[in-house]
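Here is a short tour to read with the model open beside you. Take a look at the fold before reading on.

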Amino acid sequence: MSPTARVLIVDRSRESRDVLSSLLARNGAKVLEARETWRGAQLADAERPDLIVVDVEEQTGVCEDSAARLVAAAARNDAPIVVLGAFKRSASPLPTTEFVAKPYQYPALIRRIEELLGSRS
């Protein structure tokens, strides 16, 4: 992973954000975090991350306006979006570059993030 890679994590769970953030930081990434999709969209606009990871909980959903803003910000920077979810990919509320079904293993997720970031070089 490039030491200058910037990854935005959007996840309601503090614990999940902390674990993923720590693993990515150990691999040299600069990590940005947001609890809510609307805040993730703001950060994506301001910080222009290289990749966005969004955990979508089926029961809480994602605000369509915030999701659209997040997707637009990702598109402006050609940043892949990795959606983590406990539902079928076709049911994802976000268009995705990658879909990772829950439960997932962190090592496999980190490898996939590294691959996606490597393909941007």
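## A walk through the fold

Just after helix 2, Arg 48 adopts a positive phi of about 50°. This is a predicted model, in which local features need pLDDT of at least 70 and side-chain atom pairs count only at pLDDT 80 or more, while totals for chains, interfaces and linings use all residues. Residues are numbered from 1 along each chain as its sequence is written, and side-chain values use heavy atoms, with hydrogens and water left out.

**Overall layout.** The chain has 4 helices and 5 strands; these are DSSP runs numbered from the N terminus, with helices being H or I of at least four residues and strands E of at least two. Read from the N terminus, the order of elements is β-α-β-α-β-α-β-β-α. Of the 121 residues, 44% count as buried, where buried means under 20% relative accessible area, exposed over 50%, and partly exposed in between (1.4 Å probe, protein chains only). Among contacts (heavy atoms within 4.5 Å) with a separation of 6 or more, 66% come from residues 24 or more positions apart.

The 5 strands make an open, parallel sheet in the order 2-1-3-4-5. Strand 2 (30-34) and strand 5 (98-101) are the edges, each pairing on one side only. From one strand to the next, the twist averages 20°. Two strands pair if DSSP finds at least two bridges between them.

| Pairing | Bridges | Opposite residues |
|---|---|---|
| Strand 1 and strand 3, parallel | 4 bridges | Ile 9 and Val 53 |
| Strand 3 and strand 4, parallel | 5 bridges | Asp 55 and Leu 84 |

How many residues of strand 3 are buried? The count is 6 of its 6 residues. Leu 51, Val 53 and Asp 55 are buried on one side of the strand, and Ile 52, Val 54 and Val 56 on the other.

**Helices against the sheet.** Helix 1 (residues 14-26) lies across strand 1 (6-10), strand 2 and strand 3, and runs at about 170° to strand 2. Helix 4 (residues 106-118) lies across strand 1, strand 3, strand 4 and strand 5, at about 145° to strand 3. For these angles, axes are lines fitted to C-alpha atoms, for helices over the stretch in contact, and values run from 0 to 180 degrees between N-to-C directions.

Back in helix 2 (residues 37-47), the buried residues are Thr 37, Gly 40, Ala 41, Leu 43 and Ala 44. They span an arc of only 165° around the axis, so they sit on the same side of helix 2; the arc is taken from the directions from the helix axis to the C-beta atoms. In general, an α-helix has 3.6 residues a turn, so residues three or four places apart point the same way.

**Arg 17.** Leaving aside neighbours within four places in sequence, Arg 17 is in contact with Ile 9, Asp 11, Arg 12, Glu 33, Ala 34 and Arg 35.

**An aromatic pair.** The structure holds 1 aromatic pair. The ring centres of Tyr 104 and Tyr 106 are 5.4 Å apart and their planes stand at 80°, so the pair is edge-to-face. Rings of Phe, Tyr and Trp (its six-membered ring) pair if their centres lie within 6.5 Å, with planes under 30 degrees apart counted as stacked, over 60 as edge-to-face and the rest as tilted. Tyr 104 is buried at 16% relative accessible area, whereas Tyr 106 is partly exposed at 22%.
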